[in-house]
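Take a look at the model below. Start with the ligand, then turn to the protein around it.

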Amino acid sequence: MPARKVYLDHSATTPLAAEVYEAMKPFLQERFGNPNSLHSWGREARKAVDESRASIARLINAEPREVIITGGGSEADNLAIKGTAFALQGRGRHIITSAIEHHAVIDTCKWLEKQGFELTVLPVDETGMVSIADLDAAIREETILVTIMYANNEVGTIQPVREIVRTARAKGVRVHLDGVQAVGHIPVDVKDLDADLLTLSAHKMYGPKGVGALYVKRGVKLDPLVHGGGQEFGLRSGTENTAGIVGFGAAAELANRRLEEGAVEEESRLKDLLINGITDKIPNAHITGHPVERLPFHASVCFDYIEGESMLLRLDAAGIGASSGSACTSGSLEPSHVLLAMGIPHELAHGSLRLTLGKDTTEEDILYVLEILPKVVSDLRALSPLGKELS
Amino acid sequence: MYSEKVIELFMNPKNAGRIDNPDGVGQVGNPQCGDIMKIYIKVKDDRIEDISFETFGCASAIASSSMVTEMVKGKTLDEALKVSNKDVMEELGGLPPQKIHCSLLAEEGIKAAIEDYRKKAGIK
Ligand SMILES: Cc1ncc(COP(=O)(O)O)c(C=O)c1O
Ligand code: FES
């Protein structure tokens, strides 16, 4: 048994907060009503769904009417992109995205490309940022959507979202932001941003898996993907996942509170402690992503002469949960498209490590990682025929 | 996804490191995933007297290196050449499908080291 268990993979998923679990429990059992029923059981469930929707809306400064609950972030991305493509194809068939999107966005865009839509994939610089000039130059008469992530899941870079929205809106083009990694962790205000569509996912903010939302600005027309009983303002039919939605609402309340209390700053302090500790203690460690414009809980690094899967398994044996964009962990033997798009060479992408902190991460946890990780890296370098002079 | 044997050898690999003055060295790699395996051998009376490896790669590449070096140690060169990646996989208790190529590195690494030895010794 390892001396300590330290979960540092919050970008993959977060644990369900205790208060979220408590809020959900009744709706898994005694409060089982269908929110669409007229009787007291139904009304009780409807009230819970409405209140949760209001909490989610408050988190991003939207109107409750603008929040469409989906079965997760991936579905919300699909609804935003395909829903726009189908609704606006009469006006044009050109979509702009970036090279570092989540697969829920990239693969949706690629699928539309096969259906006859045109796609422009914007490059990013070495910090993972898209260029506003590139975006501006890519917008054409037929462009119907710009879909770019708010913050990246692999390297934590926060995009210049305000400028992205302004640039697209100036030419009358709709903007979707994949906010899955950002919402609940940094202040996000849709009114201030003026974005048209924004994706959220509950399980990245201490809520349950399989529930997410798409913010759809009033007046923005989408075609639904799921037809049926007309729930979610006609945009996502199906009897509501009441317990999941209540959990999402409770998670949004928690996130609001944490943002107000400045919990993010403590997370950011620990993240800096981790990043500085890694670069101090380990030779040939390269921090990836933007040095400043990054998620407060996100540390990502590439080590020369290290293979990611080996590193993850050694860390796991020491009780540390992390992730990597290495080729060997991908199943496809291709390193992460995000790292490659940032110009990181194949060999270096091999040695990528992502450590993402959470609300329960402590300084002791970070110190433990800083004790274990240098040893894991030097042991693996000792095993390797490459880079002998380093270890 | 990995067998206990793979994890055990990955955590505590046998024959890791470099041998001084090896009689043969073989280096092989998988261009797709970028992993590299290097095998060092000492040969006496046509037998592998000592062997070690250095591997830059995934857990299954490291476990395969450890396993194959154990399997061929003490064998004659011709016997060692017959050890296939299937044999290595079997001893490891199997590998996931996308990790089969890692055991192939082990087979190829031994072959390359023996070839290097024979070339240096002038044996064809
Ligand atoms: C940026 C981003 N978008 C979308 C998703 C998909 O969200 P979900 O897991 O809720 O489908 C994720 C989660 O991995 C993500 O990180
Ligand atoms: S050797 Fe590359 S994935 Fe195993």
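This report covers the ligand site and then the salt bridges.

The model is predicted. Begin with where the ligand lies. Ligand 1 sits in the largest pocket. A shell of 13 residues surrounds ligand 1. The closest of these are A:Gly73, A:Ser74, A:Asp178, A:Ser201 and A:Lys204.

What classes of residue make up the shell around ligand 1? The shell has 8 polar residues, 3 charged residues and 2 nonpolar residues. Helix H3 of chain A, residues 73–88, gives the largest share of the shell, with 3 residues.

The table lists three of them.

| Residue | Atom in the residue | Distance to an oxygen atom of ligand 1 |
|---|---|---|
| A:Gly73 | backbone N or O atom | 2.8 Å |
| A:His203 | polar side-chain atom | 2.9 Å |
| A:His102 | polar side-chain atom | 3.2 Å |

How much of ligand 1 does the protein cover? On its own, ligand 1 has 390 Å² of accessible area, and the protein covers 86% of that.

Now move on to the salt bridges. The count over all chains comes to 31. One of them joins the side chains of A:Arg46 and A:Glu240, with 3.2 Å from N to O. This pair links distant parts of the chain, 194 residues apart. A:Arg46 is in helix H2 of chain A, residues 40–59. A:Glu240 is in a loop of chain A, between strand E8 (212–216) and helix H8 (242–261).

Technical notes:
Residues are numbered from 1 along each chain as its sequence is written. Chains are lettered from A and ligands numbered from 1 in the order in which they are written. This is a predicted model: local features need pLDDT of at least 70, side-chain atom pairs count only at pLDDT 80 or more; totals for chains, interfaces and linings use all residues. Side-chain values use heavy atoms; hydrogens and water are left out. A residue is near a molecule or strand if one of its heavy atoms lies within 4 Å of it. A polar contact is a pair of N or O atoms within 3.5 Å; within protein, one must be able to donate a hydrogen and the other to accept it, and residues adjacent in sequence count only if both atoms are side-chain atoms. Accessible areas come from the Shrake-Rupley method with a 1.4 Å probe; for residues, only the protein chains shown count as cover. On a 1 Å grid over the protein atoms alone, a cavity is a set of points where a 1.4 Å probe fits but cannot get out, and a pocket is an open set with protein on both sides within 12 Å along at least five of seven lines; lining residues have an atom within 4 Å of a point. A molecule sits in a cavity or pocket if more than half of its atoms lie within 2 Å of its grid points. Helices (H or I, at least four residues) and strands (E, at least two) are DSSP runs, numbered from the N terminus. Ala, Val, Leu, Ile, Met, Phe, Trp, Tyr, Cys and Pro count as nonpolar, Asp, Glu, Lys and Arg as charged, and the others, Gly among them, as polar. A salt bridge is a side-chain nitrogen of Lys or Arg within 4 Å of a carboxyl oxygen of Asp or Glu.
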